[in-house]
Amino acid sequence: MTLITAARVLAADMPIAEPHSIALFPQQNEYRNVLNISGVWNFRADEKAVGIDERWFDGLKDGSPIAVPGSWNDQKDGLHNYLGHVWYERETFVPATWKTERVMLRVGSANYQAKVWVNGYPVGMHEGGHLPFAFDISRQVRYGQQNRITIEVENELRADRVPLGNVRAAMRNYPATNYDFFPYGGLHRDVVLYTVPRKSSLTDVTITTQLDGTVTLKVEKTGTAKGGSVSLRYKDGKTVGKSFSFAGNTATVKVQIPDVQLWSPEHPNLYETTVELKDGSKTVDAYRCNTGVRTVSVDRGRLLLNGKPIKLRGFGNHEGFPIFGRGFAQPVAVKDLELMRWTGANSFRTSHYPYDESVYEMADRLGFLIIDEMPSVGLFFYDEQKNIDRRREVCDQYLEEMITRDKNHPSVIIWSVANEPSYQGMGGANYNGQEQKGNDRENQQAIQFLGGLVKQAKKMDPTRLASFVGVSGGPASWLGVCDIICINRYYGWYTNPGDMKGAIKILDGELERLWGLYHKPVIMTEFGADAIAGEHSEYAAMFSEEFQCNFITDYLDLANTKDYIAGMHIWNFADFTTGQAMFRVAAKNLKGVFTQDRKPKMAAHMLHERWTKDTTKF
């Protein structure tokens, strides 16, 4: 297809981004180049969705400045609740020296659907936020000249999308999401151009480890190179390496590390791993990443790291900050991990979507354990079959993208394939410790859907655990597909409000039932209470900081009486923006132990005192 013909291809016929294209994060070295084109872009809302018909990709007129990364909702006047079509445009210079390489365009996150043009030529499209996508734009680039990058993004809420919107379900808010966080739209992470060698290049490296120091690397490539080498170097400078040859485009090589130093939260030992691709004796490509040697498994009621029991203490959290919206802000991410360390936390869940790659790199270095969660929040299984099938397609894509991107991080120990899939009739007494049985069709759909995702995760990566997070009152039969039981519970808040004695009695009974049913370790991935910063009460009234402290303390104390509780993650690390609802003061979820601008509430100080004094308990 000629470029002239390609320019006339309808956007609906654009190629769809391939998950495998994001396997290796862009890297600057002797064989690769990276140009970050984030910054201030040209922006225009397209409220009538006429941009494609009017060929806005040939040059965006009447635009205004917008920052990338960032959400348009909190940057542009009058667009806070706008979720329709918008256009981004930026011009950037591409050096003539790049002509001998393959040039790639990588978008870190575009929520929800994106279409990309380069110099007016259609490149491709991608559905879903919070995960990157990339396209080869070598043929569309003008070398030694300015180039126009155009991205259309739309964030419409629909029943056949993940996460869902504009459906009749438990949430009653505006905008009409089926989840409890604001549906920010935009280019939320870095946009970069990068090069890889044209003749032959590395396309993927998958690393698995064993406690005896055996590191296995599956190396994939394209082009004419026949072999390569691997080296692992620890911080003391000691290096171990090995050469290998390809069978086709894949090679598997095992390297033995003598006197291996394992990775753990207490000792996050990392080995700098370099893979070189060779054409004869000449190195033609190279890639470097960090490797930590560790294993994760379960043994009845225990979660094992490196064969030893470990208990997760930490939080759920949202990427988000005033003005940035969902746009990734490095200082905020650094501060969040520093504050988590200050509380004594050793883990967190990426609720409810994968985070920016740099967070995982920091977690590797600092020793945090991660439950890595895909953006499938608010699923249900009682509407039209075509919607259920379409959502499964999107979830399959998310899972492949998440594991492809994050599989080499030692910090990641559990894949979470969904958060709070719900059932018909959810609410009322079902929140009060009573299990909703569900009808046969709904149960069959749910187990097939969720169990299929868990199996897919285990097939792609048998070295980690896989689970989903169960909603309060949800059918216990759904949880049987999981390696480890993850649940969210709010007794004492949404039900039995203020009655913590009654709430703990209900929770105690439910935990015992789950243990008796499955004999698998349990992680409480959410529990918490809203607290208005500065609101105090003599008798610990709801919404006071005292009530939040007491709520969290009661849950943690109960967990310490049960050996099969493997983790307690408080909801939430910091207050965050939601849609508008009667139960959301100032359109915020105030369950954070820190305020939205990261000032500690009483609960944060309580956790610091509790978790740093005794690291063996919750």
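A cavity is a set of points, on a 1 Å grid over the protein atoms alone, where a 1.4 Å probe fits but cannot get out. Grid points are joined across faces, edges and corners, and a volume is the space filled by probe spheres set on the points. This is a predicted model: local features need pLDDT of at least 70, side-chain atom pairs count only at pLDDT 80 or more, and totals for chains, interfaces and linings use all residues. Residues are numbered from 1 along each chain as its sequence is written, and side-chain values use heavy atoms, with hydrogens and water left out.

**View 1. The largest cavity.** The structure holds four cavities of 30 Å³ or more. Helices (H or I, at least four residues) and strands (E, at least two) are DSSP runs, numbered from the N terminus. By class, the lining has 10 nonpolar, four polar and three charged residues. Here Ala, Val, Leu, Ile, Met, Phe, Trp, Tyr, Cys and Pro count as nonpolar, Asp, Glu, Lys and Arg as charged, and the others, Gly among them, as polar.

View 2. Glu319 sits in the loop between β23 (312-316) and α2. Glu319 counts as buried because its relative accessibility is 10%; buried means under 20% relative accessible area, with a 1.4 Å probe and protein chains only. A polar atom of the Glu319 side chain lies 3.0 Å from the backbone nitrogen of Asp356. Leaving out residues up to four places away in sequence, Glu319 touches Arg189, Gly325, Arg326, Phe328, Tyr353, Pro354, Tyr355 and Asp356. Contact means heavy atoms within 4.5 Å.

**View 3. The second largest cavity.** This cavity has a volume of about 140 Å³. It is lined by 16 residues. Asn111, Tyr112, Asn155, Pro163 and Tyr179 lie nearest its centre. The lining divides into eight nonpolar, four polar and four charged residues.

**View 4. Glu357 in helix α3.** Glu357 belongs to helix α3 (residues 357-366). Glu357 is buried, at a relative accessible area of 7%. Its contacts, not counting residues up to four places away in sequence, are Phe25, Arg106, Pro132 and Arg405. The C-alpha atoms of Glu357 and Asp406 are separated by 7.9 Å, though the two residues are 49 apart along the chain.

Methods
On a 1 Å grid over the protein atoms alone, a cavity is a set of points where a 1.4 Å probe fits but cannot get out, and a pocket is an open set with protein on both sides within 12 Å along at least five of seven lines; lining residues have an atom within 4 Å of a point. Buried means under 20% relative accessible area, exposed over 50%, partly exposed in between (1.4 Å probe, protein chains only). A polar contact is a pair of N or O atoms within 3.5 Å; within protein, one must be able to donate a hydrogen and the other to accept it, and residues adjacent in sequence count only if both atoms are side-chain atoms.
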